[in-house]
Every structure is written in structure tokens, then in C-alpha cells.
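Me: I have a model open and want to learn how to read it. Could you take me through it one feature at a time?

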Amino acid sequence: MRTRTPRRARGVRAVAGSLAGALAVLVGLTAAGPAVGDDLDDRQSALQRQQAQNDQQRADAEAALEGLSAQYQQTAQDLLAVQQQLAPAQAALTAAQEALAGYEREAELIAARLQDAEDQETSISATIATDTERSDQIRSQISQMARQAYQGGPSLSGLSIMVGAQTVEEFTEQYGLATAAQRTQNEVLDELADIEAANKNSQARLTAVRERITELKAEADAKVAEAEQARQEAADRKAEVERLIAEQTAKQQQLASQKAAAEAEIASIDAEKASIESELTKVANEQRARAAAAAAAAGQPAPAAGPVSGALFGNPTSINPIHVTSEYGMRLHPILGYYRLHAGIDLRTYCGTPIYAAREGTVQWARWRNGFGNQVMVDHGLYNGSSLMTSYNHMTSFVVGGGQHVSQGQLLGYSGNTGTSAACHLHFEVYVNGATVNPRPLLGL
């Protein structure tokens, strides 16, 4: 059986690499600082949540990008990768800037302490110099007194005053002079003792202050080095953020320039979807007409179309349990800027994963459809009066052909990345009376 060559997009590989880089930044940021058990668990949980968020964002983007060529998908995937790196890069920049601010504050405190210590050193040194000068003066004065006494100056002893005095008045005068001289000597000696004690204390304080200055200078040098390293780190983080912003802007401009071509391609895909629905609606009408004719021939009323609900289908993939990567519903188109219907659900598969019929039926067709790639459409006939069909899209290849009867679980082909797909997966659709419905509840999910 012939199948067309797949048109593969490289976007998912680019996103995977970019996500790894973004998570590496996040790991580096959250791993900084002391860690204890609870903190480690919290960081691991945060990383897991971030990983899940990134995975879901990527899956949603892949669903929204269906209908675009590989070139457009690559640009959009590159933009997503940049945006996912930008948030952790900005967080790393903020952390680096906060670290730098902290080092600068510490450096300012150390500088203030150092200045205070140096001011104390200056003050103590000045006090020591003043006291030393006064001490020298006192010692000189004492030396002069000693020389005068040695050279035969007047004796100031009480006995010499009594013997030498001729009158009471002379005795009183000489005694007063002697008392005053003795008091002066005592005061000079006391002052010298006080100055010597103060100088000793000042010298001890000066030694301690100088040791503290040495410590503070070493601490200041270390803090300057840390601050310089933090400043370089902040500069590197800022450059990275600026690079990512510039890259983001460039990708956005590139997408904007591709908008007209994307609109034309989407219009082509939408026309193909409308053609498929028209074909299936025609088949559904024919089925209901045949059922009505058969009922009339049997003398019974024509069957009314009832609700289609319940777990009607089995797992169409070999991956169990079923993992839905993108839901049925409206998607914001990343280039066109408006919402479009994602008319099925995307099921996790890998390139070449076996794909099975979800319910017994007849292959309506197995061929290439624009946008859908290799598509197998299976007609399950009427269910509760309504036409029921399933389609299996983006397949690498198929092993069945139109008109072939298949049973539930029978191999239809292998999953892939054909058509306008962003990654290997199964895009699974359910049609009721020619219109798509949400397949999830019909799979029992």
C-alpha cells in the first residue's frame, strides 16, 4: 500500500533542548543556598510543577500549530522555547541583582566600621602624642628640681628652717615656701603617674584597634571580591535576559511576516476539513436513509437519531493507560491570533507506535488528506440512530484499505508526524452525523 512521504517538523526537538536549558537555569537558581529536607522537597515539587506546566504548554502549542507547515511550526516552537527560557532567566537575574545588593550593603557596613576604627586610631594616637609630650615636660621639670637640690639650693627640711630662722616671721615664711614646694613636687609626680597609666591604657587600645583595622581591611577586600563576582554574575544574567528578549522580538516579527502565508495554508486546511465533513455527512444521510427504508419495508417507523454517549471505544493506541496530551476544544492560533477548533484529542504515542481500530467497522478510506497527513477513516455504522465514525491522523503508514472490514483492536497502521503535525502523536477524532464531537467521554475517560 502506498503512503506519502512524511513532512516532519523539527520543532519538538528544539523545544526539548530549550526546555532542558530553561530547567537547568531553574535548577541552578533553586539549588543555591543551604538545603534541608523540607526545602529540597519543596524545590523538587516546584521543578516538577514547572516541568508539567512546560510539557502541557508545549502540547497545547503543538495542537494549536496543526495546520501549519514545518517552517511556521519551527518559528512558533522557537518562540515558545524562548518564552519558556525567559521567565527562569529573569528570575536568575533578579536573584543575582539581590545578591549583588546584599554584598554591596555588607561592604558599606564594613567600610563604615573600618572608618570608625581608623578614626579611633587617629584619636588614640593623638591622645598618646599629647600625653607623651606632657610626660616629657614633667620629667624635664623633675630633673630640673633634682639638679637644683644637688647644686646646694636652700634646704627645705623642718630642722634647717627652725635652726636657720632668725625670727618667727622668717620661720613662717620659710615654712610656707617649703610646704608649697613639697606640694608642687607631689602634684607633678601624681600627674606623671596618671599620664603613664593613661598612656599604657591608650597603647593597649591602639594595639587592639590596629588589629581590628587589619581584620576589617581583609574582610573588606574579600567582600569587594564577592561583590565584583556578583556584579559580573548580574551582568551575565542581564545580558542573557536581553538576548532572550531580542530573540523573542525577532521570532514575533518573523511570525508576523509569515501571517499571510499561514492564513492561506489554514484556509486550505479548513477547506479540506469542510470537504471531509461534507463527505461524511453524505454518508451519514445515506445510512439513515437506508435504515428508514428498511424500517418502512418492515412496517416500522424510521429510527430517530438518539444521543451518542458512554464508553463506546477501546484504546486506539498500544500505550496504556491512554494519555491525552491536548484536549478537544478551541485553541488560540499562535500566528493568526484567533481561536480555532481543535476538533479531536491528541493521544501520546511515539513515532511508529501501533494504532488500532477503536471499534468494529468498515474502512471508509485510508489515504493522504491535506493537513491530516496519512488518515484512516473508519465507519462504525449507525449507533442509536446516529452515524458514528472515527479518524486516525498523522500516521507514518497504514496497513488497511478502503472498504476493508476491521474488528475492534485490529491494527490500522503506525503513528507518526505526517501532514501539518508538530510531533509524533495520534490525533483522534470522532464524527457523529458528519460533525466532530469530543472523543474523551466516548473513550471512557
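**Reading the model**

Reply: Start with arginine 440, which is partly exposed at 25% relative accessibility. Buried means under 20% relative accessible area, exposed over 50%, and partly exposed in between (1.4 Å probe, protein chains only). Keep in mind that this is a predicted model, where local features need pLDDT of at least 70, side-chain atom pairs count only at pLDDT 80 or more, and totals for chains, interfaces and linings use all residues. Residues are numbered from 1 along each chain as its sequence is written, and side-chain values use heavy atoms, with hydrogens and water left out.

Me: Which residue does the side chain of arginine 440 meet in a salt bridge?

Reply: First the rule: a salt bridge is a side-chain nitrogen of Lys or Arg within 4 Å of a carboxyl oxygen of Asp or Glu. Here arginine 440 meets glutamate 327, at 2.6 Å from N to O. The two sit 113 residues apart: arginine 440 in the segment after β13, glutamate 327 in the loop between β1 (324-326) and β2 (329-332). Glutamate 327 is partly exposed, at 32%. Helices (H or I, at least four residues) and strands (E, at least two) are DSSP runs, numbered from the N terminus.

Me: How many salt bridges does the structure hold?

Reply: There are 15. One of them pairs glutamate 106 with lysine 223, with the closest N and O atoms 2.6 Å apart. This pair links distant parts of the chain, 117 residues apart: glutamate 106 belongs to helix α3 (residues 70-150) and lysine 223 to helix α5 (residues 168-257). Lysine 223 is buried at 13% relative accessibility, while glutamate 106 is partly exposed at 36%.

Me: What parts does the salt bridge of arginine 369 and glutamate 279 tie together?

Reply: The distance in this pair is 3.0 Å, N to O. Arginine 369 lies in strand β6 (residues 361-369) and glutamate 279 in helix α6 (residues 259-297), so parts 90 residues apart in sequence are tied together. Arginine 369 is buried, at 2% relative accessibility. Glutamate 279 is partly exposed, at 27%. Both belong to a network of salt bridges that also includes Glu272 and Arg367.

Me: Now strands. Are the faces of β12 covered or open?

Reply: In a regular strand the side chains alternate between the two faces of the sheet. In β12 (residues 426-432), 7 of 7 residues are buried. Leu426, Phe428, Val430 and Val432 lie on one side, and His427, Glu429 and Tyr431 on the other; both faces are covered.

Me: Which strands are joined to β12 by bridges?

Reply: Two strands pair if DSSP finds at least two bridges between them. Strand β8 (residues 386-395) runs antiparallel to β12, with 6 bridges. Asparagine 393 has histidine 427 as its bridge partner. Strand β4 (residues 345-347) is also antiparallel to β12, with 3 bridges, and leucine 347 partners leucine 426. Another 3 bridges join β12 to antiparallel β13 (residues 435-437), where valine 432 partners alanine 435. β12 and β13 form a hairpin with 2 residues between them, and asparagine 433 in the turn has a positive phi of about 55°.

Me: Last one. Which residues form the nonpolar patch on the surface?

Reply: Met330, Leu332, Tyr339 and Leu341, with about 410 Å² of accessible area together. Patches are made of residues with over 30% relative accessible area and no salt bridge; like charges are joined within 9 Å, nonpolar side chains (Val, Leu, Ile, Met, Phe, Trp, Tyr) within 5 Å. Areas come from the Shrake-Rupley method with a 1.4 Å probe; for residues, only the protein chains shown count as cover. β2 and β3 (339-342) each supply at least two of the patch residues. Methionine 330 lies in β2 and is partly exposed, at 48%.
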